[in-house]
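Subject: Structure for you to look at

Hello,

I am passing on a structure for you to open alongside this email. My notes on what was found in it follow below.

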Amino acid sequence: SLMNSSVVRETLKLTAQPDIISFAGGMPAPEVFPVEAMRAAMDKVMTTKVRIALQYGPTDGYRPLREKIAARHRAAGINCTSENILMINGSQQGLDLAGKLFLNPGDLVVCESPTYTAALSSFRAYECEFLPIATDDDGMIPEDLEAKLASNPRARMIYVIPTFQNPTGRTWSLERRKAWLALAEKYALPILED
C-alpha cells in the first residue's frame, strides 16, 4: 500500500510516553505556549462569534481572516486578495494538496538531503520519486542542483525548507537562496517552500 503508517505518527506515539525524551520530532516546548493569550482569544471568540466558530464554514477558510492575511501580504509587496488565500489544517494537508496539484506517477521531486520525512511520505502517495540535492551549512549546493536538473527532465517540483530546515535546523544564506531561485526559474519548476 502507498499509504503506510506515518513515521511522524509513530514518533508522536513514542513521545507520549513519560519516560521517553525524543530528539526525532520537532516538538515545541510546552512551557513556551502562550496559554493565557490563547485562553483570552478563545473566550472572546466564544463570547462574540460562537455561532460562526462552532458552525461549518467555507472550505477555503474564514473570509475575514483571509482578508487580513491578504492585507498583510500586500503590505509586504505581494499582490494578492483574499481569493488567493487558502486556509489549511496543517502542513500535511498543504503537502498533500501540492502533491495532488503538481505530481504524477514517475515524476521527480527535487529536495534537500536530508529533508522532512513526513513530506516524503505525503508525496509517495502520488507514486513519485525523489531527486536529493546535497546541502551544506548554507543550503542546497547550486552546482549539485544544476547538474541534477540538467540530467533529469522528470523533475516536476522543488520542495525546500530554507528557514530552520527539518531535520538539520539550518537556515540558508541569501546568496544560496538567490542561486537556487535562479535555477528554479531556468528550469521552470514550481517551488514548494515549507
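The count of cavities of 30 Å³ or more comes to one in this predicted model. Rolling a probe the size of a water molecule over the atoms shows where empty space is left. The largest cavity holds about 60 Å³ of space.

Which residues line the largest cavity? Its lining is made up of E112, P114, T135, D136, D137, D138, G139, Q165, T168, R170 and W172.

Next, a pair of helices. Two packed helices are described by the angle between their axes and the distance between the axes. Helix α7 covers residues 142-150 and helix α8 covers residues 174-186; their axes come within 10 Å and cross at roughly 10°. Angles under 35 degrees count as roughly parallel, so α7 is roughly parallel to α8. On the α7 side, the contact is made by P142, L145, E146 and L149. On the α8 side, R176, A179, W180, L183 and K186 take part. By class, this contact has six nonpolar and three charged residues, and no polar ones.

Finally, the chain as a whole. The protein chain has eight helices and five strands. Read from the N terminus, the order of elements is α-α-α-α-α-β-α-β-β-α-β-α-β. Of the 194 residues in the chain, 26% are buried. Among contacts between residues at least 6 apart in sequence, 54% join residues at least 24 apart.

Regards

Conventions: Residues numbered from 1 in each chain as written. Predicted model: local features only at pLDDT ≥ 70, side-chain atom pairs only at ≥ 80, totals over all residues. Heavy atoms only, no water. 1 Å grid on protein atoms, 1.4 Å probe; cavity = no way out; pocket = protein on both sides within 12 Å on 5 of 7 lines; lining within 4 Å. Points joined across faces, edges and corners; volume = space filled by probe spheres on them. Axes fitted to C-alpha atoms, helices over the stretch in contact; angles between N-to-C directions. Helix = DSSP H or I, 4+ residues; strand = E, 2+ residues; numbered from the N terminus. Parallel < 35°, antiparallel > 145°, perpendicular 65-115°, else oblique. Contact = heavy atoms within 4.5 Å. Nonpolar A, V, L, I, M, F, W, Y, C, P; charged D, E, K, R; others polar. Buried < 20%, exposed > 50% of the residue type's maximum accessible area, 1.4 Å probe, protein only.
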